[in-house]
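Here is a friendly walk through one model, written for someone who likes to know the cut-offs behind each term. Have a look at the sequence and the structure first.

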Number of protein chains: 4
Amino acid sequence: MNKSSFGNHFTVTTWGESHGKALGAVVDGCPAGLSLNEEDIQKFLDRRKPGQSRYTTARKEGDLVEILSGVFEGKTTGTPISLIVRNTDQRSRDYGNIAYTYRPGHADFTFDAKYGFRDYRGGGRSSGRETIGRVAAGAIAAKILETLEISFYTYTKSIGPVKIESFDAEEISKNAFYMPDAKAAEAAGAYLEECMKNQDSAGGIIECRIKNVPAGLGNPVFEKLDAVLAEAVMSIGAVKAVEIGDGIQVSAMKGSEDNDGFHMENGQITKNSNHAGGIMGGMSDGSEIILRAAIKPTPSISQPQNTVTDSGEETSLEIHGRHDPVIVPRAVVVVESMCALAIVDALFSNMTSQMDRIQEFYQK
Amino acid sequence: MNKSSFGNHFTVTTWGESHGKALGAVVDGCPAGLSLNEEDIQKFLDRRKPGQSRYTTARKEGDLVEILSGVFEGKTTGTPISLIVRNTDQRSRDYGNIAYTYRPGHADFTFDAKYGFRDYRGGGRSSGRETIGRVAAGAIAAKILETLEISFYTYTKSIGPVKIESFDAEEISKNAFYMPDAKAAEAAGAYLEECMKNQDSAGGIIECRIKNVPAGLGNPVFEKLDAVLAEAVMSIGAVKAVEIGDGIQVSAMKGSEDNDGFHMENGQITKNSNHAGGIMGGMSDGSEIILRAAIKPTPSISQPQNTVTDSGEETSLEIHGRHDPVIVPRAVVVVESMCALAIVDALFSNMTSQMDRIQEFYQK
Amino acid sequence: MNKSSFGNHFTVTTWGESHGKALGAVVDGCPAGLSLNEEDIQKFLDRRKPGQSRYTTARKEGDLVEILSGVFEGKTTGTPISLIVRNTDQRSRDYGNIAYTYRPGHADFTFDAKYGFRDYRGGGRSSGRETIGRVAAGAIAAKILETLEISFYTYTKSIGPVKIESFDAEEISKNAFYMPDAKAAEAAGAYLEECMKNQDSAGGIIECRIKNVPAGLGNPVFEKLDAVLAEAVMSIGAVKAVEIGDGIQVSAMKGSEDNDGFHMENGQITKNSNHAGGIMGGMSDGSEIILRAAIKPTPSISQPQNTVTDSGEETSLEIHGRHDPVIVPRAVVVVESMCALAIVDALFSNMTSQMDRIQEFYQK
Amino acid sequence: MNKSSFGNHFTVTTWGESHGKALGAVVDGCPAGLSLNEEDIQKFLDRRKPGQSRYTTARKEGDLVEILSGVFEGKTTGTPISLIVRNTDQRSRDYGNIAYTYRPGHADFTFDAKYGFRDYRGGGRSSGRETIGRVAAGAIAAKILETLEISFYTYTKSIGPVKIESFDAEEISKNAFYMPDAKAAEAAGAYLEECMKNQDSAGGIIECRIKNVPAGLGNPVFEKLDAVLAEAVMSIGAVKAVEIGDGIQVSAMKGSEDNDGFHMENGQITKNSNHAGGIMGGMSDGSEIILRAAIKPTPSISQPQNTVTDSGEETSLEIHGRHDPVIVPRAVVVVESMCALAIVDALFSNMTSQMDRIQEFYQK
């Protein structure tokens with residue numbers, strides 16, 4: 001697929017810059033007959049909204065979505081769904097001082113290298129605001145998965161050095177960090193206070209678990225389900241590592257430890273364990289899919305940093321303004337959205353894998 | 001791209017099963033005028049050959065490549081390059097006992113789930129032998145990169161718990177593990193002896209460093225260079241995690257630690273550090289690209305394992321035959337090949353990013 | 001590419017229905033640094049506007065385009081260009097009577113067959129209004145071609161049985177039919193009067209000639225330049241045939257008549273004739289590219305037609321309302337737009353065809 | 001898709017040159033469980049074989065296909081099917097005299113323009129022999145369609161000025177021209193004798209009719225079924241025009257003549273006529289799909305032609321050797337193959353168009 005598109009069968013194309021007129025997405029390949037309204041999408045967008053706690057930016061972003069096409073009388077028509085969110089809070093002056101200075105940890109330098117110049121307002125296309133389009137599309141993908149009873153737990157596993165030590169699904173939406181462990185959330189808060197006091201920022205780890213994915217999705221060679229998920233999640237700006245199942249730990253395990261044996265349970269072939277994270281040989285095995293993404297600390301910090309201008313002068317830069325000291329909580333729904341998009345694509349692709357099922361489909 | 005293809009501009013399609021007549025690849029989009037012969041490709045294939053040490057399988061695989069098309073008078077013609085490696089050592093009887101039993105850690109179960117049945121001879125399409133096509137294509141990609149002075153170090157960073165502690169480029173090709181640290185290689189050997197004695201296997205970590213990649217390759221949103229590399233490397237059978245730069249560590253770092261500042265050096269804008277691993281905002285920044293892949297232990301082990309048959313009977317399975325106790329050394333060139341394919345694709349894609357460079361190209 | 005997208009390197013995705021809130025397009029892969037403003041696009045859109053003569057519908061469609069992203073300080077940034085045209089004249093009542101009756105010659109029946117239901121307002125996605133997105137994108141493609149001195153003549157070659165008999169480029173924009181022959185335009189007017197009197201409609205032929213296309217664009221096998229142009233133009237709703245060069249006539253010619261020989265002219269290899277229409281073996285040969293599209297008569301006519309309802313009752317249908325008795329003149333710019341999109345895509349694809357030109361590109 | 005590939009869901013990639021070691025194709029996306037053997041494919045290949053009458057070249061091309069992968073125990077496995085045909089009759093000396101002279105009507109000049117040089121042996125990649133890969137893949141597509149009871153009539157409609165005047169399906173395979181009219185075949189023979197006496201060649205028209213295609217295949221905008229068919233057929237070397245249904249004639253028809261009304265027949269919604277050729281608004285309507293391709297006369301003729309060398313010298317060229325005076329009969333199966341590939345792709349794409357059918361598919 002192309003530079004700004006994801007998915008071969010259920011395709012999202014996002015567009016828009018941080019401080020342009022609007023941001024949005026076009027979703028092509030959504031089947032006809034899915035009930036869909038703006039509220040379905042807004043619910044997802046609200047999960048990435050800033051200003052919900054003192055650990056996220058104070059910018060007010062209404063981020064109200066409008067469906068411009070592809071839905072008629074409350075149902076999708078099978079034609080492209082165009083989604084738009086108008087930018088309302090475009091205070092360009094906040095960013096004026098970085099028009100010609102390369103912010104460390106940002107895409108400013110590489111953008112100039114690729115394109116020769118850039119929209120310097122708030123990171124332009126490389127802003128986290130671009131994820132609005134992904135999340136809006138992800139909401140539709142999630143709705144499709146819901147009709148197939150495929151569901152998600154996506155949550156923060158760590159903030160800086162603070163890791164969760166227990167899992168309570170109910171807790172996830174109760175704290176500012178989407179952590180399934182109230183105690184860890186409290187400790188994360190304390191850690192962030194410290195970071196903010198030092199004009200610094202933090203990263204973390206997001207985990208996504210997907211239940212009830214049918215076995216056989218994905219492919220044995222290049223379009224492996226894990227490869228597509230890795231691409232999907234690594235395409236989120238701040239992600240620097242992706243793990244499936246036991247992930248990096250497998251490198252130190254023995255075959256006898258890592259292999260998931262099988263047994264019978266209620267007449268079903270069932271795995272004895274899930275080190276593989278639900279994917280074997282690039283295809284789903286029917287058990288829970290488990291994926292983790294490592295998120296880097298917010299690069300915009302207000303302590304002085306050494307850098308250069310685009311004309312090659314060395315300088316020191318302090319980035320003020322409204323920035324999240326940690327983006328992990330807001331990225332939770334972005335990770336979930338990307339995973340939902342990948343799973344829907346794999347579901348659709350998989351429908352043509354057996355000749356007799358195709359015959360049956362068309363004989364109806 | 002499709003299930004068995006990788007790359008949008010420089011596209012490889014692999015085909016073939018472990019115990020079929022042959023395996024191969026078609027490379028489409030290779031520019032005309034590249035000097036290429038079978039030896040260029042054979043050199044790469046020989047790096048993945050088994051039987052080179054006592055830690056790799058004793059199967060004899062000649063794996064001699066033949067170029068069937070796309071090269072004329074020693075140069076590529078711009079048309080598809082078809083590469084074939086005949087299977088010579090097809091002792092099916094080695095695998096006969098697993099025709100109806102699901103091997104733990106393998107794709108047997110998921111293959112059946114997706115396709116309804118499978119070629120059970122040696123893993124069929126899910127065999128490590130499929131990577132022959134990738135490595136053959138990777139050799140061509142690497143040759144293109146060579147003409148642009150882009151070069152690789154790819155090596156084993158750890159085997160099981162044994163990690164390298166020093167880096168000596170010369171050492172890489174001197175030991176059986178492609179480790180840049182002779183001492184670590186020795187320790188890895190000892191560790192593997194232990195594993196083999198216990199009828200067990202080991203995993204490890206492979207690191208790939210790519211020098212001299214021009215800044216600006218990749219894209220700011222979905223076709224990010226790191227996302228494409230992650231997809232490329234995660235599409236290798238045994239990989240369960242991919243890291244870029246500091247990778248998973250960034251989650252515990254602070255912004256002030258993770259950000260790479262800039263300074264001037266010999267009139268060039270230069271990064272103070274390389275936590276980002278050469279990719280910022282999805283685009284190369286001109287510094288070394290650094291990627292790591294975590295490889296799981298070989299799933300084929302000869303100690304008894306609990307599993308089931310495809311008709312749902314519980315059973316115990318011992319896998320005998322010739323299997324690598326660790327596949328990490330042989331996977332080194334596979335990781336390098338996938339990275340080379342991804343970088344060439346990004347180089348080609350990038351040629352249309354600036355209007356004035358396009359005009360210049362066509363005014364010649 | 002996907003269902004609603006065209007182009008691999010310069011990709012347009014259109015969205016929107018006739019009577020939805022808006023229509024638009026996202027253009028991805030436009031190089032950075034192209035001067036672009038809304039007027040550049042509006043000029044193209046105005047060429048497909050109705051209400052310009054008595055032979056086009058009297059509907060008032062402002063069709064004002066807004067650029068929502070991808071342009072900064074008057075230049076494209078290399079990121080997706082989102083274009084939107086709001087629907088203002090949405091008188092659904094005009095179409096109310098066809099909500100459940102299949103209009104002959106329209107996509108009503110096939111839409112229901114594919115999707116299970118449809119947006120029946122004005123043809124929904126199958127309306128000619130969908131071409132707004134194509135034309136808006138085509139304007140950008142044409143602007144790129146202009147910088148490379150590639151230019152178009154696109155005009156009406158016939159309306160019903162009335163054919164042009166002379167070619168005067170200046171005349172094209174002077175008559176309501178975009179015919180390069182004033183006399184033929186007059187005759188076409190008379191013919192249409194007759195059609196309208198009989199509550200009937202007419203079709204015609206559009207010819208597109210493209211000058212100064214560099215030799216070597218396209219590909220020798222599947223992505224042939226003529227195949228891509230055929231796909232591009234056949235994707236316009238009313239087109240039922242596409243010809244390149246001498247087109248259908250070649251079937252009755254002899255090799256000695258059809259072959260274009262070569263001679264030298266001003267030191268340049270030059271064709272003696274252009275029966276091939278500028279494309280040999282799927283690649284441009286440097287001479288004028290010549291393409292024709294046959295457009296069917298407008299299917300909406302007000303004389304009674306036999307048809308059925310979606311519940312299977314036979315009925316007679318008279319379609320009243322504001323319909324073009326001929327859509328050929330308005331389709332001229334649509335054909336030109338699709339050709340421009342195809343040529344830009346071929347230009348971009350072609351940049352990687354020779355190794356030494358790639359080396360040169362990156363050595364700068 | 002890429003330069004040498006066709007199809008998004010059922011993808012064929014062809015490779016090979018006229019005088020290289022072999023030609024072939026990789027088919028990716030074929031569902032598992034289809035019965036397939038080499039004879040199924042050979043039957044198709046034999047239809048394009050030369051040497052079957054005095055009107056086709058006397059070259060002996062065995063063209064025996066070998067299946068290298070993707071089939072196990074007589075059934076497709078869902079993995080790529082690699083097909084190879086070895087070149088046996090590679091008398092390069094036949095073509096030696098054209099190594100540096102541009103043959104009129106061939107791709108020699110454009111190949112050099114694109115790639116800087118070319119494999120001049122027998123047209124290299126631009127040879128008609130490339131279609132071996134298409135036909136081999138087309139045979140698999142046709143086998144899939146057969147299981148869905150979709151069938152073809154493909155035949156020669158005219159040779160030069162000689163047109164069929166009657167249709168007898170049985171007759172098609174009885175004469176050397178695949179004409180459904182014995183009298184016309186006789187006249188075509190006489191016409192060709194004349195051409196051959198004058199060292200000249202002829203073209204013609206091929207018609208393809210596809211029965212029993214379910215309604216709803218294709219898409220309303222860019223991936224229209226007719227657009228994809230046009231691309232498919234125009235990608236055959238000698239095709240210069242493609243028509244659907246009444247084709248070019250529609251331009252002179254009136255709406256009242258061209259519109260296909262509907263009536264009820266045996267409880268089914270049925271079209272009164274089929275001017276549209278089975279495709280309305282880019283989607284199949286359930287009636288017969290009708291397509292025609294205009295084939296140009298064979299460019300290789302032995303009368304002297306004016307041309308130039310690749311170093312820019314004017315010269316006269318006589319092309320001797322074994323060339324078909326008309327390629328139309330051998331192209332019949334190529335047209336059928338490309339149509340079969342396009343229809344299978346549309347069938348697979350269409351399976352995700354309705355949400356409730358997807359739910360039903362996965363609830364099994």
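## Helices α5 and α7 in chain B

In this predicted model, Leu225(B), Val228(B), Leu229(B), Ala232(B) and Val233(B) of α5(B) meet Val335(B), Met338(B), Cys339(B), Leu341(B), Ala342(B) and Ala346(B) of α7(B). Being in contact here means that the C-beta atoms of two residues, placed from the backbone, lie within 7 Å. By class, this contact of α5(B) with α7(B) has 11 nonpolar residues, no polar and no charged ones. The classes work like this: Ala, Val, Leu, Ile, Met, Phe, Trp, Tyr, Cys and Pro are nonpolar, Asp, Glu, Lys and Arg are charged, and the others, Gly among them, are polar.

Helix α5 spans residues 225-234 of chain B, and it packs on α7(B) at an angle of about 145°, with the axes 9 Å apart. Axes are lines fitted to C-alpha atoms, for helices over the stretch in contact, and angles between N-to-C directions run from 0 to 180 degrees. The crossing of α5(B) and α7(B) is right-handed; a crossing is called right-handed if the near helix is turned clockwise from the far one by less than a right angle, and left-handed if anticlockwise.

A word on bookkeeping: residues are numbered from 1 along each chain as its sequence is written, while chains are lettered from A and ligands numbered from 1 in the order in which they are written. Local features need pLDDT of at least 70 and side-chain atom pairs count only at pLDDT 80 or more, whereas totals for chains, interfaces and linings use all residues.

The α3(B) and α7(B) crossing is left-handed. Residues on the α3(B) side include Thr131(B), Arg134(B) and Val135(B), and those on the α7(B) side include Val333(B), Val334(B) and Glu336(B). In this contact, 13 residues are nonpolar, 3 polar and 2 charged.

Now to chain C. Helix α3 (residues 131-147) and helix α7 (residues 328-349) of chain C pack at about 55°, their axes 8 Å apart. This makes α3(C) oblique to α7(C), and their crossing is left-handed. Among the residues that meet are Ala141(C) and Leu145(C) in α3(C) and Met338(C) and Val344(C) in α7(C). The contact of α3(C) with α7(C) counts 13 nonpolar, 3 polar and 2 charged residues.

## An open sheet in chain A

In chain A, 5 strands make up an open sheet with antiparallel pairing, in the order β1-β2-β3-β7-β4. Helices (H or I, at least four residues) and strands (E, at least two) are DSSP runs numbered from the N terminus, and two strands pair if DSSP finds at least two bridges between them. β1 (5-6) and β4 (65-67) of chain A are at the edges with a single partner strand each, so one side of each has no neighbour in the sheet.

β1(A) pairs with strand β2 (residues 11-16) of chain A in the antiparallel sense over 2 bridges, and Ser5(A) stands opposite Thr13(A) in β2(A). Helix α1 (residues 38-47) of chain A lies across β4 and β7 (81-86) of chain A, running at about 150° to β4(A).

## How the chains meet

Two copies of a chain are related by a rotation about an axis and a shift along it.

The contact draws 93 residues from chain A and 93 residues from chain B. The side of chain A that touches chain B has 38 nonpolar, 37 polar and 18 charged residues. Strand β11 (residues 239-244) of chain A pairs with strand β11 (residues 239-244) of chain B in the antiparallel sense over 3 bridges, and Val242(A) has Val242(B) as its bridge partner in β11(B).

Between chains A and D, 23 residues of chain A are in contact with 23 residues of chain D. Helix α8 (residues 355-363) of chain A gives the largest share of the chain A side, 6 residues. That side has 12 nonpolar, 10 polar and 1 charged residues.

Notes. Angles under 35 degrees count as roughly parallel, over 145 as roughly antiparallel, 65 to 115 as roughly perpendicular and the rest as oblique.
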